[in-house]
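Work through the exercises below with the sequence and model at hand. Try each task before reading its solution.

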Amino acid sequence: MARKNVSPPEPDGPAAEPAEIYPSKPLFPIVGIGASAGGLAAFEAFFSGMPADKDPGMAFILVQHLAPDHKSILTDLIRRYTRMEVFEVIDGVEVQPNCAYIIPPNCDMAFLNGTLHLLEPAAPRGQRLPIDFFFRSLAQDQHELAICIVLSGTGSDGTMGLRAIKGEGGMAMAQNPESTEYDGMPRSAINTGMVDYVLSAADMPAQLIAYAVHAFGRPQRPASVPEPKTESELKKVFVILRAQTGHDFSLYKPSTVQRRIGRRMAVHQIKRLDGYVKFLQQTPPEVEALFRDLLIGVTNFFRDPLTFAALETTIIPRLFADKPSGSTVRVWICGCSTGEEAYSIAILLQEHVETLKQHFTMQLFATDIDKQAIDQARKGFFPGSIAADITPERLARFFTQESDGKTWRIHKGIRDLLVFSEQDVIKDPPFSKLDLISCRNLLIYMGGELQKKVIPLFHYALNPGGFLLLGTSETVGEFSTLFTTIERKQKLYQRKDDGYSDRRMPVTTFLPAMTTPDAAPQQPLFRKAFPANTPLQELAERALLQQVVQAGILVNRQGDILYLHGRTGMYLEPATGSAANYNILKMAREGLRHDLPIALHRAASRNEIVCRSGLRVKTNGHFTTVNLSVSPVSARPEPVERGVSPALPESALFMVVLEEAPLQRDEMAGADPDRMQQPAESGGTSDTASRLATLQQELQAKDEYIQSASEELEASNEELKSANEELQSINEEMQSTNEELETSKEELQSVNEELATINAELQTKVLDLSRVNNDMNNLLAGTGIGTVFVDFQLRILRFTPGATRIINLILSDVGRSVAHFASNLIGYDSFVADLQSVLNTLIPKEVEVQTTDGDWFMMRMLPYRTTDNVIEGAVITFVNISEIKQTQEALRKVNDQLRMAVVVRDSHDAVVLQDLEGCIMAWNPAAVRMYGWSEAEALERNIGELIPEGLREADIERVQQLSRKKLLEPYRTQRLAKDGSAVDVWLTATALLNEVGEVYAIATTERASGVE
């Protein structure tokens, strides 16, 4: 298994339980929730979906991109949607279950031993990744108890932290991109292939609680001693995995495998292992999901800085120390995951080679069994969160930011150094003749038997003196005889050069035999001497090339030498000037300087083979006859029929072949020396001399033309070179400007996210204020209390409809002074003076006032105080007290009548009240005593029944006089008692008048005539 983990898995024994290792750590799940822009709505939806009748049994920690200079109201907003207690984090707070904790602004937050710690952000604003920072610390501290949720937001913050949590056996959720306001963060998380659930925010709580109940709701048995039936079911899982993926996990550490399987069972709420086996058989995608979980790759650039520092300063310089310029350095990164570590090593090698100022060929092989990870590594795209692991200098030099502003891609020059391939280190042949092998955090997943096979395999693959880099929790174990320890703490080893290593044991000694039914028979060892895809023709041509003695030079159109073959010193010599670039036109010896440029130019322009024979080249003081040919080089030459000139594809490379012309030995052997010495005839000699002179003149003209053309060409080249340097300088300036703009773009993007968060909070606050304002308006309107708000200058700020009955106000009067308006109050002219006095003395004032309509109001003037106890004006209220006034008047009248009733009741004279018809309306106790009639009996009678018949008419006439408002003097008369006797009385009659002066009743006071 070629994957990585940020920390070693726990040992197989019971000591691996978190409660025993970290007794102070919480034993309940910790849920980290990350969000950015649009996160407020997602938070509300999430907590609204929590059950209202029970506690979830876990803690929630919210991390959001917040503006560093703005106080967040997120804590108050979350409290509305959950029954849990909600806190803004303070440094060192201990996390409790069934509580929610909110990160404060301008802080990074870490989790350690059950407590939250706040740190000052190290990265500048715009490059901070608080979600990744927290998720990583949560993974390192809580392991399988860690749960992460990625909600709405832009960018890729949270992706690397999610990888870390998955690597520790935790669970990951992401919001469905279709339900988000900004889908950047959820999509980046989903693209890792490690998210367990993709749901809307409202649907997450139910699934989260179901997972927690299944995964943590029952005690876990030690995984080191599986039951026999469990072991049998595990083997079935391994069989299903091997059948579908081709990889055997049966020799990996049982504790690691069982934890991963248990986590997948918790995801699907499957209680028994045999049920999960059936689920695997019926659900092929779940087999792939389990395979991915077993291959969780947690890696990042320059992980473990101390290790990479040791690699950079101690190992890499030694890789090049004994190698001549032009040699090859070979490196194998085993278990490369998505390529971060492989690219990190490539960057270190490239930086060191540049300091040497020599040419070296670097071959880096990065392998993994995860095809998806290999494909991702080849592309070289990484989320923006890698900026936290790479220095700004390296980020600017080796990476390019994509147009979306959220992704970085490593430069093509670094990508070209690496060859990514899918390989299983357990069963596939290894690379060989390597200078360095990096295999970090792979062996910790393997059982002892596998480790005993892999370590010798690494020894076999390394060159003598080669280096091995392992993870911080890995060692070579019992194979210390094969490796020397260089850095014990950083796990750096060197291959020992002893007899064992010289024998180069075959690879099959270390690799296990494949016993699967469909395994192909093993090939003979000589078949593996060359890669299977190497053509036999290429091997034969390579062997024949070693026997060719002609000098061959591979050049480009400008004549720059790219490759040399054979002995070329007879035809080329170093030119005066810089040795940085070798050019065949400048290095050509006398005799080639004229024909070689012409031949190269013709071959390039016509794309055909050009030959020149019989050239006399000056070599070491004498001339050698040479044949020259220049031919275009095609990457894919196509076969042609015999006798037909090939139509060569246009090429940018050309092969220059120089061959010494053979001597005409037969002709020289048959010639007569004496005859050769005879002088030629004089005529022939003359013609030959003339012809020779003509040719020399033509040749000299051509030489001058070529020389002139060459000089012009050189001048043009110099101008082009100068222009190229200027363009290069401009390009560097543009690149620098572009980098500055990208940095500004990142900062603006971060500020935009913070503003989006603030905007969401403010929108919620505006809605709250609008709701409160509506409630206040309805409250004031419902009470009917007239209210006027004024400032220090007595300008009207606001008023209620009830106030318009007292002061003539309309809506457009807001902002005008209250002193400019006439009131409807009667007899109250000190309104403005009293109001100014209240503002000056801050002493409230109450006055009862009456309007022209006759209504009474209680006017109160109070200072207007803010929540900070600052006076900003005054409030005038008018409470209608008309009913109170009416009640007071009625009460006064009743009191007056009550006092009169007491007088009547306690009087010794009989007091009788009758209406104008004579009906008795009142009958006091003295009348009862005098006449014997009870009050009830008297009220049922008419006064005429109590007057003797002889006096009745005269008495009634006297009463009629009173009704006509005439005065009636007291007079003597008689009244009939209950027993029928006549009682002599002195009678005083008085007319009772109403408010309009009309008589409505007559009161009589009757005293017995014998009483003084």
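A salt bridge is a side-chain nitrogen of Lys or Arg within 4 Å of a carboxyl oxygen of Asp or Glu. By that rule, a search of the whole structure finds 32 salt bridges. This is a predicted model: local features need pLDDT of at least 70, side-chain atom pairs count only at pLDDT 80 or more, and totals for chains, interfaces and linings use all residues. Residues are numbered from 1 along each chain as its sequence is written, and side-chain values use heavy atoms, without hydrogens and water.

**Exercise 1.** Examine the salt bridge between Asp-304 and Arg-440.

Solution.
- Step 1: the N to O distance is 2.4 Å.
- Step 2: locate the partners. Asp-304 sits in the loop between helix H11 (284-294) and helix H12 (305-321), and Arg-440 in the loop between strand E17 (434-439) and helix H17 (448-461). They are 136 residues apart, so the pair links distant parts of the chain.
- Step 3: classify exposure (buried is under 20% relative accessible area, exposed over 50%, partly exposed in between; 1.4 Å probe, protein chains only). Asp-304 is partly exposed because its relative accessibility is 29%. Arg-440 has 0% and is therefore buried.

**Exercise 2.** Which residues of helix H14 (residues 371-379) are buried?

Solution.
- Step 1: Helices are DSSP runs (H or I, at least four residues) and strands likewise (E, at least two), numbered from the N terminus.
- Step 2: Ala-373, Ile-374 and Ala-377 are buried. Down the axis of H14, they fall within an arc of 100° (directions from axis to C-beta atoms), so they line one face of the helix.
- Step 3: check the end. Gly-380 follows H14, with a positive phi near 75°.
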